[in-house]
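User: I would like to learn how to read helix packing, sheets and a ligand shell in a model. Could we take the features one by one?

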Amino acid sequence: MSVTAETRITASTCCYCGVGCGVLIAHDGETITDVKGDPDHPANFGKLCSKGATLHLTCDLDARGQYPELRLGKSLARARTDWDNALDHAANVFTETIREHGPDSVAFYISGQLLTEDYYAFNKLARALVGTNNIDSNSRLCMSSAVVGYKRSLGADAPPCNYEDIEQSDCVLIAGSNMAFAHPVLFRRLEEAKAKRPQMKVIVIDPRRTDTCDLADLHVAILPGSDVALFHGILHILLWEGWIDRAYIEAHTEGFDALKTLVRDYNPQMVSELCGISQETLQVCAQMIGSAPSFLSLWCMGLNQSSSGSAKNSALINLHLATGQIGKPGAGPFSLTGQPNAMGGRETGSLSNLLPGHRDAADPLHRAEVAQYWGVDTLPETSGLTAIELFDAVHAGKIKALWIACTNPAQSLPDQNKVHEALATCPFVVVQEAFFTTETCHYADLLLPAASWGEKEGTVTNSERRVSHVRRAVPAPFEARPDWAITTDFARRLEKLLRPGLPSLFDFASPNALFEEYKHLTTHRDLDLSGLSYALLDNQGPQQWPFPAGATEGTARLYSVGQFPTPSGRAQFHADPYRAPKEKRDTRYSLTLNTGRLRDQWHGMSRTGSAALLFGHAPEALLSMHPDELRRRRLLNGELVKVRSRRGSLIVPVQADDSIRSGQAYLPMHWGNRFLKGLGTNVLTQPEFDPLSKQPELKHAGVEVEKVELPWTFFALVEGEVQTRFQALRPRFEDFAYANLTLTGRERPALLIRAACAVAPEAELLAQIDRLLGLHEGPVLAYDDPRKAVGKRVRIEDGRITAIRLAGETAARDWLKGLWETGSADADLRRWLLAPVSTPPGAANSTGSSKTLCNCLNVSEDAVCAGIAQGLDVAGLKQELKCGTSCGSCVPEIKRLLAAHAASTATTA
Ligand SMILES: Nc1nc2c(c(=O)[nH]1)N[C@H]1C(S)=C(S)[C@@H](COP(=O)(O)OP(=O)(O)OC[C@H]3O[C@@H](n4cnc5c(=O)[nH]c(N)nc54)[C@H](O)[C@@H]3O)O[C@H]1N2
Ligand SMILES: Nc1nc2c(c(=O)[nH]1)N[C@H]1C(S)=C(S)[C@@H](COP(=O)(O)OP(=O)(O)OC[C@H]3O[C@@H](n4cnc5c(=O)[nH]c(N)nc54)[C@H](O)[C@@H]3O)O[C@H]1N2
Ligand code: SF4
Ligand SMILES: [Mo]
């Protein structure tokens, strides 16, 4: 961290994943200049992953919301307005809508990335003031199956373990979680623990061979969606072998007999067929679990995002209850939370069916308690809509005013065609956003600029129930305001119209005031936070709940005495049979599409996508398929394909990838309509959801893939002002069948565009694009061959390439990009440019990978492979190339390259 006299340091938290790492933000009071891991934070002890460590590079103000913008008619453009006008207008529209169509004609769709105080304000606004339960969050797409699992199996929505339990465990089962990418710092902690105690067993259950498998003693590559069968099959063997804890079952649980009857049918042969694994693998897996002195499981979206997500969660918890592996060191069912404050959302009751303090909206007693605390007569009884149902209701015209905060549904919800239609027809859409670049902003009638990471104060709860104080380092840019302030300001205006003359419910002058009011709603409940305060968190550091008033420290582990918060005090076994995913493979859709995360990108990429270097590891959207599936379809690596599902289609390049089994395909979830032409990954995914948790099955959609012929190709690269150029250029690619926009470079960020269509576009469109690329005048070398509709443009300033455009034919694109990177614009380039040939000179037509493996130290995959070829091992590569020596996120991949090299030399030897 470069520290000057003016540098100040503010301790805060990372705004990405649920690990909840502490960060030290370096700034000058205005601008954030650097970020480091906080050595005192108990989640990360100073470590950060590739995303956390680059947070200070994601503050491009050109991407940020600056002023409120209002549209006064669907056909009109939005115009800048001031906050008073914006919020008065919103209050008027909401009041009219509520008066005319009732409180359930409005809805709030919020996010696990809000702070606890923001969440609380929204909740009170929806339920106490508006009088609707139509308040749901993107956690519906993320954690709601885990909520159901914990509540129905253990009695409360509380992950019982802590991070040290992971390190201390003898057997860690990782199911449907790619921790190496999605919870990297926790994965580093697990790696280190296993290095110290190699006898620790790690099992990974994932249809794909992910980077997480690098640490696994056993990878169980089950068929998608078959987890329930697997868990029942494991229990079958545990019973058969006598590897269960009868005394624990007897003393602390209920419902085991029904489960025993059910799992009798799940014999190894049936399970091996349902799961597509060998009986031997199943047996080894059960033995590892059954014989471990301590057994802990970690899981994430591979279990939750499923039409049997609740069954998957409870079937896994069954294994812990049957073996008594809960409530003791190194043991327990530990659901990893995705977003930084998914937990806070659950605590404050921000799913439509919940109320603050782990209460249920359907419970009259809970409603009465909260109503009394808030000083209102009643809370609404009608059940609220959950995310998918909510957008269906918007589509059907039943929701007439929709408030969206801190989430990008026009990218992240399944069945995007329908979501875009819904947003386009909704009479009034408010979007409260930090980055005005997102797909959802496009539909906002009122767009409100929100403060974001480093600019706001409040609290968050991470995966291990640990509450951190999120501190503000710098003021928000332009007129952006923190979410709690926007929400309470709007609420005060709305209550003047809806309940004139009554005392305000929203008399909060600071996030602290919200926290102080909220925390008493948790008193004597399982999550009791009433002993916490900002001051205590500042003095004693982040704390784990429950932390009741009068406590001196938090609670590291739950259920140590085998007492559960259920009516009987006993944990509940659940006997749900295995059910196949909703969309089975058939002749029309012969592949199962799986979706998930990349190492260096975050969801819709509004933030990570503003830092060019974060595209170094995965520059563009690629559909991965097993090489056999490509061969079967006569497809070559890199060719463009059309992926179709029952709901929509998308054009992307394919990539051969043997970490995916035949019959499956994988597409990262990050692409929406902004970076990729089409409505993104989720145009393909299905909205079918779990009957209890209502969480959609984002991991399994039936798709088919076919080659597309788009012979007219386009490539462009332009340095500088990337956000402005992005926004200007993106609309010009609407008429292309395929277009992928991305950022590239480190010191000199550039916008990079690849596109293709069947025939050459109008010359005028190309001329417009050239103007936006700065290639219409100045020091530009140009060559056109109109007969072949081929053209080349290169702008050279001070001997360096600053912009490139190839049209019609793009064979030279990697070569030119290489010249741009090295800054050499030599005679070769000039000769090539002014000649009709399109292929680049010599053998320079780069075939190697330009992928950056180590983003911290800027080491490419090529360099690592060259080092491996010279005989370097992990330690040697770290020493020679420095790769993997900072955040460590690339180490699993380096190990994989080493293993692949060893395997290939073994077969050739
Ligand atoms: N880099 C990065 N990290 C993130 C995020 C991000 O956007 N980027 N987002 C955060 C959020 S909100 C979340 S929710 C978490 C998600 O974290 P994870 O759930 O770990 O991430 P995913 O890649 O969505 O999915 C995990 C794995 O589930 C597997 N899977 C698919 N179907 C099945 C199945 O039927 N059974 C099993 N057992 N596995 C299956 C997939 O192959 C995938 O490897 O990540 C958090 N961390
Ligand atoms: N196909 C597929 N789809 C998925 C998933 C999957 O695995 N596969 N995963 C699902 C899961 S688990 C999740 S959690 C969702 C995530 O989906 P989204 O919630 O849509 O994800 P983000 O892109 O993180 O959206 C957060 C938005 O908040 C904005 N923002 C950032 N900071 C602030 C702030 O302080 N205030 C405000 N008001 N705005 C801010 C960001 O710019 C961003 O646009 O995606 C889901 N969709
Ligand atoms: S693991 Fe990475 S993304 Fe998650 S909180 Fe820590 S630094 Fe942030
Ligand atoms: Mo998530």
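User: Is the crossing of helix 2 and helix 20 left-handed or right-handed?

Analyst: A crossing counts as left-handed if the near helix is turned anticlockwise from the far one by less than a right angle, and as right-handed if clockwise. Here the crossing of helix 2 and helix 20 is left-handed. Please keep in mind that this is a predicted model, in which local features need pLDDT of at least 70 and side-chain atom pairs count only at pLDDT 80 or more, while totals for chains, interfaces and linings use all residues. Residues are numbered from 1 along each chain as its sequence is written, chains are lettered from A and ligands numbered from 1 in the order of writing, and side-chain values use heavy atoms, with hydrogens and water left out.

User: At what angle do helix 2 and helix 20 pack, and how far apart are their axes?

Analyst: Two packed helices are described by the angle between their axes and the distance between the axes. Axes are lines fitted to C-alpha atoms, for helices over the stretch in contact, and angles run from 0 to 180 degrees between N-to-C directions; helices (H or I, at least four residues) and strands (E, at least two) are DSSP runs numbered from the N terminus. Helix 2 (residues 116-130) packs against helix 20 (residues 511-519) at about 70°, and their axes are 9 Å apart. That angle makes helix 2 roughly perpendicular to helix 20, where under 35 degrees is roughly parallel, over 145 roughly antiparallel, 65 to 115 roughly perpendicular and the rest oblique.

User: Which residues make the contact between helix 2 and helix 20?

Analyst: Contact means heavy atoms within 4.5 Å. Helix 2 contributes Thr-116, Glu-117, Tyr-120, Ala-121 and Lys-124, and helix 20 contributes Pro-511, Leu-514, Phe-515, Glu-517 and Tyr-518. The residues of this contact between helix 2 and helix 20 divide into six nonpolar, one polar and three charged, with Ala, Val, Leu, Ile, Met, Phe, Trp, Tyr, Cys and Pro counted as nonpolar, Asp, Glu, Lys and Arg as charged, and the others, Gly among them, as polar.

User: How do helix 1 and helix 19 cross, and is their crossing left-handed or right-handed?

Analyst: The axes of helix 1 (residues 83-101) and helix 19 (residues 483-498) come within 9 Å and cross at roughly 50°, and the two helices are therefore oblique to each other. Their crossing is right-handed. Among the residues that make the contact are Trp-83, Leu-87, Phe-94 and Ile-98 of helix 1, together with Ile-486, Phe-490, Leu-494 and Leu-497 of helix 19. By class, the contact of helix 1 with helix 19 has 11 nonpolar, two polar and five charged residues.

User: What is the strand order of the open sheet of five strands?

Analyst: Two strands pair if DSSP finds at least two bridges between them. The open sheet has the order 10-9-8-12-13, with parallel pairing. Strand 10 (218-220) and strand 13 (332-335) stand at the edges with a single partner strand each, so one side of each is left without a neighbour in the sheet. From one strand to the next, the twist averages 15°. Within this order, strand 8 (residues 171-175) and strand 9 (residues 201-205) run parallel and are joined by five bridges, and Val-172 stands opposite Val-202 in strand 9. Helix 7 (residues 227-241) packs on the sheet, where it touches strand 8, strand 9 and strand 10, and its direction makes about 145° with that of strand 9.

User: In what order do the strands of the closed barrel run?

Analyst: The six strands of the barrel run 23-27-24-26-25-28, with mixed pairing, and neighbouring strands are turned by 45° against each other on average, direction ignored. Strand 25 (residues 640-644) pairs with strand 28 (residues 701-707) in the antiparallel sense over four bridges, with Val-643 opposite Val-705 in strand 28.

User: Which residues surround ligand 3?

Analyst: A residue is near a molecule or strand if one of its heavy atoms lies within 4 Å of it. Around ligand 3 one finds residues including Cys-14, Cys-17, Cys-21, Cys-49, Lys-51 and Pro-184. The shell around ligand 3 has nine nonpolar, two polar and one charged residues.

User: Which peptide bond is cis, and where is its proline?

Analyst: The bond from Trp-545 to Pro-546 is cis, with omega near 0°, and Pro-546 has its place in the loop between strand 21 (543-544) and strand 22 (571-572).
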